[in-house]
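I opened my notebook for a friendly look through this one. Here is what I looked up, entry by entry.

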Protein chains: 2
Amino acid sequence: MATTTARATDLCRVARRASRALASLETGIKNAALEAIALALVDRTDEIVEANALDVDAATAAGLRPTLIDRLTLDPTRIAGIAAGVRQIAGLADPVGEVISGFRAPNGLDIRHVRVPLGVIAVVYEARPNVTIDAAALCLKSGNAIVLRGSSTAAHSNAILAGLAIDAACSAGVPDGAIGLVAGGGREELAELAGQEGLVDLIIPRGGEGLKRALQAVARVPVIYAASGNCHVYVDASAGIDAATAIIVNGKVQKPSVCNAAETLLVHAAIAEAFLPQALRVLAGSRVELRGDARTRELAGALDVIPAEESDWATEFLAPVLAVRVVESIDEAIDHIGRYGSGHSEAIVTRDTEAARRFQRDIDAACVYVNASTRFTDGGEFGMGAEIGNSTQKLHARGPIGMRELCTTKYLIEGDGHVRP
Amino acid sequence: MATTTARATDLCRVARRASRALASLETGIKNAALEAIALALVDRTDEIVEANALDVDAATAAGLRPTLIDRLTLDPTRIAGIAAGVRQIAGLADPVGEVISGFRAPNGLDIRHVRVPLGVIAVVYEARPNVTIDAAALCLKSGNAIVLRGSSTAAHSNAILAGLAIDAACSAGVPDGAIGLVAGGGREELAELAGQEGLVDLIIPRGGEGLKRALQAVARVPVIYAASGNCHVYVDASAGIDAATAIIVNGKVQKPSVCNAAETLLVHAAIAEAFLPQALRVLAGSRVELRGDARTRELAGALDVIPAEESDWATEFLAPVLAVRVVESIDEAIDHIGRYGSGHSEAIVTRDTEAARRFQRDIDAACVYVNASTRFTDGGEFGMGAEIGNSTQKLHARGPIGMRELCTTKYLIEGDGHVRP
């Protein structure tokens, strides 16, 4: 079996070497490697569950929160799900070599702008061991070498997962060093990785604010920060009551712990009386804690609505808590979102084409929805296949980070001995 | 006349406000503003020359190098050239609103991925006052507000140029604050600009290594560094002698001071004897200083070729100096470029399709040429119109930075009340 763990710097060096061969590896070999990884996951499920139990037991003994232990835990169903994800990536189009544009320049040169791998991508992550495989599969298919730095909490799980991925990939013809797992999941390894200018092309953190801040303090290589999302649903004067209710309930309730969940409901004053009592009742019935402005509280009747404070508008609750505000106009809604939003996902519910167009034009966010839930911001839902996170930054990648976003481009130029006059 | 200069922070605040209106400004208004700027440049040529003379006189008195004084100097011909550049930008397609891709997702949502302005772009630059107008025009057409920080050396020139651009743009209907010039061209203003997180979306430095290092030390907002270029021409075994000679001479001699000039010539051993004596003779005849490896010096006959040192392979001479090396194979050439190249522009001269394909695939650079001079790496030559520099970084923009690269994207998603199951 290949060495699965080593020091960050050494892994980055072999990853750099591997990245040269990976960049032009045939799609067929990459897909065969992904299929081999999926097979190995299923074949070795018992071993994985056993290794994972060591991590889960230690985490339980250390008194980790139940939600963290849940994220850490692998069972045969979850392992089968990870394997299915790998097969799905094998089924996606290879982004490498895609011609983004091609043209003959006025000087007669034939120019193609093509997608090529970034090179070496480092992924630093917290408890979830599934990231080991998800990230490795995405990087492999997009022709990038990957250096993984998981958390110590998941050390046994990550070691067996990375080990089987490396073995399976190598057996299919992927170069040695294409996948590496850093020994140790501490801040020291983070800093070592983050300082590999020239060896690492991009670092992607997958984890909470603490991890992001730690990385920000030391990063010298480029980072794409997966985003926090303070997402809004704005119910326009012309909205259908039932559609608006369904969209805010879905945005808030379906999975409150994720970045594309709705955090604030804005309601046009003209529809507030018809809409809010019903919507608030359904939300309260779904055990959502409501924090409203004065007008919302008036319209809430007997329902319990806490007075919203200034800080509530700026908070990503990531929990069944919703801030609610009545606005006088679409302008006030757009201003509110411009002030408090994090540029992730924003939705309008409306039947008015002018309002829809206005909202999509003037909201400055990665994803702007008309008559759909913010919960759709996801690489899978967008038909990009898997994703490695969502970006709210404006450079390089904005929105779901799929395989194309793990690539860079180059220009290929052909002439007949052209020289510049 | 509008205020042309103010403190960086104040300018960034008004630029941020202006950027919201600019993002959806009609193309017709932007083009009218560009036309008004071009007209004002021509109409007020005498005033510009007068203001410029103050800078040139002060620079001369201070003993600045002649090349810097040349860059600083404006005359009616150069001003007409700047005006023509502005009109050319007016003639380019508006990048804002361009649909990059659009599709119906499997869930039935209609999704468009569209280009939108970044918001506020800061451009920091050295002596060349033409950058004031070039950068303002590119940012205006791409819907971005711009905050300019020129050098103190060009203070009078920049003030009149920015002032007339602001007046002309505002008279055409561009919002106040869309163009701003920071008062003062020192390191303090640089640091102030570079710390405007949330107000400035991108900083682009245009200047030498000193400016880049100063920015690197203080930047907290994203930066795209215009690149240095250690560019190579590789003459393959199958190359035509005359084409190869023309391409290396063009790459080295036509304009040695720029980043896309060739710095090293690599020659396949099989063609060295037939090619090098002729090529070196032409290069020496063009007053190029040659620094060669042992084999090159053998083949140079009576020509003066200095022994190349290790450091020569890594140097961007930006001068009529060329390093020359004979390699045993295309692999050795690719390895050499991988080791010493800066990822800017690399060229192969060949008649062999396999070598051409191999070189384009395995060279990791922004622009990879077959049978053409590296000197073509340029937004204008690529049909992108003007450019604001060339990037060798891999994220966001690689190669010429044109108007598209001054944009970000957003996803516009439309549904019929879609909620996530």
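In which sense do strand 14 of chain A and strand 17 of chain B pair, and over how many bridges? I found that strand 14 (residues 367-372) of chain A pairs with strand 17 of chain B in the parallel sense, over 5 bridges. Pairing here needs at least two DSSP bridges between the strands. Within strand 17 of chain B, Leu412(B) is the bridge partner of Val368(A). Helices (H or I, at least four residues) and strands (E, at least two) are DSSP runs, numbered from the N terminus.

A note on the source: this is a predicted model, where local features need pLDDT of at least 70 and side-chain atom pairs count only at pLDDT 80 or more, while totals for chains, interfaces and linings use all residues. Residues are numbered from 1 along each chain as its sequence is written, and chains are lettered from A and ligands numbered from 1 in the order in which they are written.

I checked confidence next. Chain A has a mean pLDDT (the predictor's confidence in each residue, from 0 to 100) of 94, and 99% of its residues reach 70 or more. The complex gets an ipTM of 0.93 and a pTM of 0.93 from the predictor.

Then I looked at the contact between the chains: 51 residues come from chain A and 51 residues from chain B. Contact means that C-beta atoms, placed from the backbone, lie within 7 Å. On the side of chain B that touches chain A, strand 17 of chain B gives the largest share, 11 residues.

How values were computed
Contact = placed C-beta atoms within 7 Å.
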